[in-house]
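Here is a protein model to look through together. Take a moment with the sequence and the 3D view before reading on.

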Amino acid sequence: MAELDIGKHCNIKSCNQTDFLPFICKACSGVFCLEHRSRDSHACPVVDVEKEVHVSGGSTSYPCTFEDCKGKELLPVICPHCKKHFCLAHRHQDDHKCEKLETTKPRMAATQELVQKIVESKKALPPSKGRKGAKNVATAAKVALMKLKLHAAGDKGLPQTERTYFNVLLPKEGKDASLPMFFCTKWSVGKVVDYAASLASLKNNNNILTAKKLRLCHPQTGEALRMDDTLLSLLAHPESPLYNGGNVILEYLDNDCSGLEDTSAYI
């Protein structure tokens, strides 16, 4: 007579007990025995954000869930990927080591379109004057980079091998037209925007849904770069929209705006 398959094994490897009335966790959908049915006992990976909200002194605060961070925010800052609460310093995926962070990302459609525009614009230029012209351009780029390195502001603790230098063209209504800065090559565009805004003392409301957003734009096409792209991925592309020592535009854009229509006012 065939054996009846009744009950389920506990998902905890060290337990693996067969329970005829198993418990299913509503958060992670795992199957557990009576002893491991609670979230704490089976170290549930899914955080209940509603239970993490703290109420003290009549005001609500939202604590950061990143490792040992004790930061809190008055408004919820939830990662759209892992759905956990974070402070402003850890809101980007790479800053809180997001479990949903993709290690290798395919080229985004918007970036591909931007690259194509640059390629087409280069085709429309008159033919170069040979090696001498190319050599002059390369020399000018090296000189510009050397000048940036002398005056650029940034995190002095960054190793020289991880630094990328830009002449950041600032919003038109600001007091300064531009500032030389350097950033970590591993940073996302979103983190570069936040850090540049801090160095230039610019108002940054990127965490407010209805406010205008600070965006990093290409100085030729005006295209707003994707916030989750890294500088490394942009610089490594053969037809890169950015290069070490070049210009980038930092400007406030409406939520439905994909870039600047006219970049001539910044150059």
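The notes below go through aromatic pairs, a helix and its surroundings, and a few loop residues.

## Before you start

This is a predicted model, where local features need pLDDT of at least 70 and side-chain atom pairs count only at pLDDT 80 or more, while totals for chains, interfaces and linings use all residues. Residues are numbered from 1 along each chain as its sequence is written, and side-chain values use heavy atoms, with hydrogens and water left out.

Helices (H or I, at least four residues) and strands (E, at least two) are DSSP runs, numbered from the N terminus.

## Aromatic pairs

Rings of Phe, Tyr and Trp (its six-membered ring) pair if their centres lie within 6.5 Å; planes under 30 degrees apart count as stacked, over 60 as edge-to-face and the rest as tilted. By this rule there are 5 aromatic pairs. Take Tyr 165 and Phe 182: their ring centres are 5.4 Å apart and their planes sit at 45°, so this pair is tilted. Tyr 165 belongs to strand S8 (residues 163–169) and Phe 182 to strand S9, so the pair ties together parts that are 17 residues apart in sequence. Both Tyr 165 and Phe 182 are buried, where buried means under 20% relative accessible area, exposed over 50% and partly exposed in between (1.4 Å probe, protein chains only).

Phe 166 and Phe 183 make a tilted pair too, at 6.3 Å centre to centre with 35° between the planes. Phe 166 is in S8 and Phe 183 in S9, so here as well the pair ties together parts 17 residues apart in sequence.

## Helix H4

Which residues of helix H4 (residues 189–199) are buried? They are Val 189, Gly 190, Val 192, Val 193, Asp 194, Ala 196 and Ala 197. What covers them includes strand S9 (178–184), strand S10 (213–217), helix H5 (231–236) and strand S11 (247–253). Just after H4 comes Ser 201, with a positive phi of about 55°.

## Loop residues and a charge over a ring

Lys 83 isn't a glycine, yet its phi is positive, at about 65°. Lys 83 sits in the loop between strand S7 (72–73) and helix H2 (109–123). Lys 97 is in the loop between S7 and H2 too, and its phi is also positive, near 50°. Lys 97 is exposed, with a relative accessible area of 59%.

Finally, look for Arg 37, which lies over the face of Phe 23, at 5.6 Å from the ring centre. The rule here is that NZ of Lys or CZ of Arg is within 6 Å of the ring centre and within 35 degrees of the ring normal.

Conventions:
Contact means heavy atoms within 4.5 Å.
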